[in-house]
Amino acid sequence: MGSENPPRLPIVDFSKPDLKPGTPEWDSVKSQVRQALEEYGCFEALFNKVPLELRKAIFGALEELFDLSLQTKLRNRSKKPFHGYVGQYPQVPLYESMGIDDANIVEKVESMTNILWPEGNQSFSKTIQSFSEQVSELDQIIRRMILESLGLEKYMEEHMNSTNYLLRVMKYKGPQTTETKLGLNGHTDKNIVTILYQNQVEGLEVQTKNGEWINAKPSAHSFIAMIGDSLYAWTNGRLHSPYHRVMMSGNEARYSAGLFSIPKGGYIIKAPEELVDEEHPLLFKPFDHVEFLGFYYTEAGQRVPSALKTYCGV
């Protein structure tokens, strides 16, 4: 008996030339998105709008960024948890990352770039901004499809305008061993949608609903799209927000860039009344994402199995 093929994430193709709202192609992809997000909370997305040169350039920019001295990287500070430079954590010694707020807006990226390179670094800021802007198109297609599939078109404008983009760039050092080492602890994302792009070094694992860990192995042409807790709460549990982690082995560094659509401060996440009924009672009280993050990063928030349920579960 041959061993069964290990499970893998669904693949959804957004590269079709006539993928426009209202077309049969759109409706077909939309139903695949809904099915994947209900079952796995994520999928591998084929999306050819980001040119190959730009996809290569993003990793050059990440290497240049993480090669800066620690003293320089620490200049990237933020009042918001996990938005500035993160590194030097004994629990996850292989991991460091940096957040770039409003990464799709030229002026915002340039002002962050100038903090790290006072003399300026136009090639870096142009790469970061172009990449973020083009990947944000995929985020918007996915979110539009989700709302359409739930029959919530009337909330479309409010929903699309309720978020900003954070580009979180990450480096995981190779542990220099064939043994598998923890790169990043298992967690759910807290935002709306995350779109991840990584270099050729694997490591991302996603947990299925039955507790099995799947290796996510995207190609150089694909992205991983994933639902965060804020969208899980807004859809009143209709979509799944999956646990995921990074496990590393070998000598090579893993670089990845994640574009996060994040609710704006002061925006209240509240499930639409259309998604609450006898079969689907309300799961979460309305909440402010930034305040929820504040709880999540406390000791109590880190200890509980679900920070969201503890914070605002009904």
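Is Asp102 buried or exposed? At 16% relative accessibility, Asp102 counts as buried, where buried means under 20% relative accessible area, exposed over 50%, and partly exposed in between, with a 1.4 Å probe and protein chains only.

Before going on, a note on the model. This is a predicted model, in which local features need pLDDT of at least 70 and side-chain atom pairs count only at pLDDT 80 or more, while totals for chains, interfaces and linings use all residues. Residues are numbered from 1 along each chain as its sequence is written, and side-chain values use heavy atoms, with hydrogens and water left out.

Back to Asp102. Its phi is near 50°, a positive value in a residue other than glycine. Most residues other than glycine have a negative phi. Asp102 sits in the loop between strand S3 (95–101) and helix H4 (106–116); helices (H or I, at least four residues) and strands (E, at least two) are DSSP runs, numbered from the N terminus.

Gln176 also has a positive phi, near 60°. Its loop runs between strand S4 (163–172) and strand S5 (177–187). Gln176 is exposed, with a relative accessible area of 54%.

Next, the cores. A nonpolar core here is a set of buried Ala, Val, Leu, Ile, Met, Phe, Trp, Tyr and Cys residues joined through side-chain atoms within 4.5 Å. The largest one has 72 residues, and Phe14, Val33, Phe43, Phe131 and Ile146 touch the most other members. Helix H5 (residues 122–149) supplies the largest share of this core, 10 residues. A second, separate core has 19 residues, among them Tyr172, Leu204, Ile214 and Met248.

What does Phe131 touch, not counting residues up to four places away in sequence? The list is Val50, Leu54, Ile58, Leu167, Tyr197, Phe223 and Ala257, with contact meaning heavy atoms within 4.5 Å.

Last, the cavities. On a 1 Å grid over the protein atoms alone, a cavity is a set of points where a 1.4 Å probe fits but cannot get out, and lining residues have an atom within 4 Å of a point. Grid points are joined across faces, edges and corners, and a volume is the space filled by probe spheres set on the points. The count is 2 cavities of 30 Å³ or more.

The largest cavity holds about 50 Å³, and its lining includes Trp234, Ile269, Lys270 and Lys285.

Key:
On a 1 Å grid over the protein atoms alone, a cavity is a set of points where a 1.4 Å probe fits but cannot get out, and a pocket is an open set with protein on both sides within 12 Å along at least five of seven lines; lining residues have an atom within 4 Å of a point.
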